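Reader: Could you go through this structure with me, slowly? I am new to reading models like this.

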Amino acid sequence: MKFRHALAAVAIAVSAPTAALAQTVLKAADVHPPGYPTVVAVENMGKKLEAATNGRLKIQMFPGSVLGGEKEMIEQTQVGAIQILRTSLGPIGPVVPEVNVFNMPFVFRDPAHMRAVVDGPIGQELLDKVSASPARLIGLAWMDGGSRSLYTKKAVRKPEDLKGQKIRMMGNPLFVDTMNAMGGNGISMGYGEVFTALQTGVIDGAENNPPSLYTANHFKAGARYYTQTNHLIIPEILVMSKVAWDKLSPADQALVQKLAREAQLEQRKLWDAAVADYTAKLKAEGVEFIVIDNKPFYDATAPVRAKYGAQNAELMKRIADVK
Ligand code: GTR
């Protein structure tokens, strides 16, 4: 009897570390709250990964900026502390300058044009540029962030109305230049600081898509006017830390890549529903949607496209040629 117990104990001692070693939990992060399209798509990707590997590979999602702001999370992903990150491409620009071609104002005609570009060879080329750069990030897939418009405390209809207004932009000098060209004063700031900055008057407005405006509650901090400038159509990107990627077998890398592409398509469906849903919710909360002709904003930002597009003229032409 005693002998059998001893044997069982040995068996446990041997199998426990093996089992622990065999399971890899990939930490995924997002600034958005649970239920947001990007968060749900990555969680579902995790469920498929777990099923396909019999639990050997798992994704654990950390939503709502619990692991830091986007800039900090990018840094953590670069060093391997976060393994999978869904981020706007905006703050990736300072780390991988080649992606800035997608971050330029009015580079895409509309969200459908952006989708056609990221789904085609140009989208793959940019993911490859991220992976090949010294940033230690692997570009897995694109997600949809719709189009970004201005939200302010005072109504804006034309570039002159932005005079003297401090508008929060994402952390990338390209965006500060964009806002300055649009007529306002661009202030670079993390997403998590926008609510308080609006409340305390540090800024007069910001810009984003309807799902972000609603879920981050910025309309409750005084930004009641939503002017349809549609000046930035920035794709979101799903990246993996190269540290984590290099530890995967080629077969697992291919599986992660395949599931990331599926997440790209799933997120898109969730996104379309979220835009409709949150637009209705914002209107119900009394946010005024101001429809304008955005040509004056397009014209005003021509110098920004000239400055940042100069080294990418051919690529910009190829983007424009995508139907
Ligand atoms: C959202 C985007 C986030 C974050 C945020 C911001 O639209 O999904 O990744 O970049 O904008 O403005 O900081």
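Reader: Okay, what is the average pLDDT of the chain?

Author: This is a predicted model, and its chain averages a pLDDT of 94, with 93% of the residues scoring at least 70.

Reader: And where is the pLDDT below 50?

Author: That is the case over residues 1-20, a stretch that has one contact in the model beyond near neighbours in sequence. Where pLDDT is low, the predicted coordinates should not be read in detail.

Reader: Changing topic, where does the ligand sit?

Author: The ligand sits in the largest pocket, and 13 residues surround it, the closest being His32, Glu70, Arg168, Asn208 and Glu236.

Reader: How many residues of that shell are nonpolar, polar or charged?

Author: The shell around the ligand divides into three nonpolar, five polar and five charged residues.

Reader: Which polar side-chain atoms lie at what distance from an oxygen atom of the ligand?

Author: A polar side-chain atom of Arg148 is 2.8 Å from an oxygen atom of the ligand, while for Asn209 the corresponding distance to a ligand oxygen atom is 3.1 Å. Glu236, which is also listed among the closest residues, has a polar side-chain atom 2.6 Å from an oxygen atom of the ligand.

Reader: And how much of the ligand's accessible area does the protein cover?

Author: On its own the ligand has 320 Å² of accessible area, and the protein covers 98% of that.

Key. Residues numbered from 1 in each chain as written. Predicted model: local features only at pLDDT ≥ 70, side-chain atom pairs only at ≥ 80, totals over all residues. Heavy atoms only, no water. pLDDT = per-residue confidence, 0-100. Contact = heavy atoms within 4.5 Å. Near = heavy atom within 4 Å. Polar contact = N/O pair within 3.5 Å; in protein donor to acceptor, adjacent residues only side chain to side chain. Areas by Shrake-Rupley, 256 points an atom, 1.4 Å probe, with all protein chains shown as cover. 1 Å grid on protein atoms, 1.4 Å probe; cavity = no way out; pocket = protein on both sides within 12 Å on 5 of 7 lines; lining within 4 Å. Sits in = over half its atoms within 2 Å of the grid points. Nonpolar A, V, L, I, M, F, W, Y, C, P; charged D, E, K, R; others polar.
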